[in-house]
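Try each task before you read its solution.

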Amino acid sequence: MLANTARTFVKARPLFAQRFYATGAGANTLLVVEHKDGAISGATLNALTAATKLGGTVTALVAGGEDAVAQSIAKYAGVSKVLTASDASYSKNLPEDLAPLLVQVTKSNNFTHVFAGHTAVGKNVLPRVAALLDVAAVSDITGIESEDTFIRPIYAGNAIATVKSGDNVKIVTVRGTAFEAAQEAGNNAAVEAAPEVAKTGVTEWVGEEIQKSDRPDLGTANRVISGGRGMKNGENFKLLYDLADKMGAAVGASRAAVDAGFVDNSLQVGQTGKIVAPELYVAVGISGAIQHLAGMKDSKTIVAINKDADAPIFQVADYGLVEDLFKAVPEMTEKL
Amino acid sequence: MSNPLRIFVPVKRVIDFAVKVRVNAGKTDVDRNVKHSMNPFDEIAVEEAIRIKEKAPKTEVVAISCGSAKAQETLRTALAMGADRAVHVEVKDDSTLQPLAVAKLLEAYTNKEEKKPDLFILGKQAIDDDSNQTGQMLAGLLNWPQTTFASKVEFEGQSLKVTREIDGGLETVKTKMPAIITTDLRLNEPRYASLPNIMKAKKKPLVKITPEDLGVDISPRIQTLKVEEPPKREGGRKVGSVDELLDKLKNEAKVL
């Protein structure tokens with residue numbers, strides 16, 4: 001039966017047909033605003049763009065934030081209302097407390113959709129919310145066909161599925177790189193307090209170690225330079241940092257480079273690391289395993305520098321240079 | 001840590017990570033007549049449970065898989081790695097088995113089973129549907145705390161201290177058992193099952209139950225309308241020198 005439906009669907013509409021977006025008088029969307037140190041996360045602004053494509057209304061929820069975050073999101077076009085749960089305990093995004101809040105807010109406002117970025121926070125919290133509401137969750141969407149039909153990559157991006165949710169509430173995380181970031185637009189949405197929900201206090205936040213860097217954020221950078229096993233050690237990454245600084249690029253890495261301890265885990269690009277889609281992606285000493293390609297193959301222009309002419313990375317690279325990276329990278333840095 | 005500790009480890013049989021998947025002719029799914037293995041994150045989950053058992057030998061490790069008859073191969077692999085017993089929740093057609101249904105099966109099994117777990121250790125995501133949902137959903141259904149994307153697990157009495165991989169770095173949280181842990185790649189390096197252990201695993205207990213036994217409705221909530229190949233990239237062009245590369249990036253691609 002499933003197969004028949006799918007076939008009818010394909011017949012009825014040409015492949016890669018221009019997407020239509022529901023005018024959606026019915027969509028009533030809750031956007032979960034992720035924030036840190038008073039700043040709204042980039043992924044939230046991408047998720048806001050996705051949410052506005054449903055039509056209908058978008059209500060932003062700021063949990064654990066200072067007023068400034070609520071005032072800030074209220075200015076974005078498409079936000080009709082802002083709810084705040086000001087208790088500071090929410091600021092660590094602990095799912096045991098955040099999920100019940102989202103459930104309560106969703107039920108009391110009859111939200112039809114809950115959207116968040118597909119980030120460590122979004123991934124952690126939204127499936128828990130979905131289970132508490134007894135609905136499915138749709139992860140990492142890259143497109144919206146209608147109010148209940150979404151596009152998402154599966155098998156490390158080697159297949160693209162169009163999926164339709166039959167549930168009354170759609171719990172969705174959004175791939176940031178698939179949607180433009182929403183812009184501030186002098187909007188002035190009303191800010192209201194969300195209902196109070198009892199805290200469980202079962203999990204305690206102990207601390208964090210954030211990698212500090214002056215370079216652009218990997219997830220949103222226009223240019224990314226990544227190193228792989230071919231870098232040989234952590235010290236050699238300095239070659240990439242120098243080139244990145246010349247180009248205003250962020251630095252990423254393959255799993256091999258992370259596992260070998262060359263760089264921190266948070267720099268990993270791939271199926272299980274960050275998904276990036278910059279204007280320019282430069283892969284240096286990276287062979288191009290399926291799992292790495294999953295994280296970068298939607299980049300606009302891909303450059304590969306590798307001494308192995310048969311490396312799979314060259315099959316997706318717009319420009320491939322077969323050369324020793326220890327010669328090519330310093331030369332590039334010097335000539336830029 | 002409470003002693004004896006009981007750990008449930010759900011494992012999934014998926015298309016092997018090294019296989020390049022292809023969309024089938026009907027555009028309804030991918031071609032599944034290819035090599036399958038245990039989901040790599042689940043191997044890490046099994047390994048972590050066994051390492052805990054190595055420190056606290058009375059620990060019982062129970063591998064559980066929801067899927068077709070072939071899921072038993074995956075369970076035998078877990079037993080060969082060192083799990084004590086296995087539970088197979090047999091689902092005739094597992095191609096439409098979704099995270100919410102799996103979480104409900106695991107919840108129902110937990111509630112029914114007399115020997116309750118102190119911990120569930122799951123992989124953070126299956127590399128086929130890439131959902132990253134089941135552990136979080138199970139935690140919600142059981143109303144247990146969840147520590148996802150774990151790269152380090154420590155016990156402090158009845159509490160668990162878990163280091164989690166988050167955007168930009170690491171975070172540490174402390175929670176109480178019973179709890180759910182999902183594994184990130186960095187948690188450990190899974191062992192290979194030795195031949196003697198593979199032989200021993202054949203004699204370890206494996207019980208089979210059905211969704212009906214557990215009273216769980218596993219019908220899909222999400223319908224797959226179609227599955228397509230991703231857009232092809234026109235790669236493969238090579239340049240001869242750094243100068244040529246920089247020239248192309250400036251004047252052709254206009255990205256510098």
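**Exercise 1.** Decide whether B:Tyr109 is buried or exposed in this predicted model.

*Solution.* Start with the relative accessibility of B:Tyr109, which is 8%. Buried means under 20%. Therefore B:Tyr109 counts as buried.

**Exercise 2.** Classify the ring pair B:Phe8 and B:Tyr109.

*Solution.* A search of the whole structure finds six aromatic pairs over all chains. For B:Phe8 and B:Tyr109, the ring centres are 5.8 Å apart and the planes meet at 40°. Planes under 30 degrees apart count as stacked, and over 60 as edge-to-face. The angle of 40° therefore makes this pair tilted. Now place the partners. B:Phe8 is in strand E1 (residues 6-10) of chain B, and B:Tyr109 is in helix H3 (residues 99-112) of chain B.

**Exercise 3.** Classify the ring pair B:Phe8 and B:Phe120.

*Solution.* The centres lie 5.4 Å apart and the planes stand at 90°, so this pair is edge-to-face. B:Phe120 belongs to strand E6 (residues 119-123) of chain B, so the pair ties strand E1 to a part 112 residues away in sequence. Both B:Phe8 and B:Phe120 are buried. Finish with the group: B:Phe8, B:Tyr109, B:Phe120 and B:Trp144 form one aromatic cluster.

**Exercise 4.** Which ring does the charged end of B:Lys238 sit over?

*Solution.* Look across to chain A. The charged end of B:Lys238 sits over the ring of A:Phe314, 4.8 Å from its centre.

Terms used
Residues are numbered from 1 along each chain as its sequence is written. Chains are lettered from A and ligands numbered from 1 in the order in which they are written. This is a predicted model: local features need pLDDT of at least 70, side-chain atom pairs count only at pLDDT 80 or more; totals for chains, interfaces and linings use all residues. Side-chain values use heavy atoms; hydrogens and water are left out. Rings of Phe, Tyr and Trp (its six-membered ring) pair if their centres lie within 6.5 Å; planes under 30 degrees apart count as stacked, over 60 as edge-to-face and the rest as tilted. Helices (H or I, at least four residues) and strands (E, at least two) are DSSP runs, numbered from the N terminus. Buried means under 20% relative accessible area, exposed over 50%, partly exposed in between (1.4 Å probe, protein chains only). A charge sits over a ring if NZ of Lys or CZ of Arg is within 6 Å of the ring centre and within 35 degrees of the ring normal.
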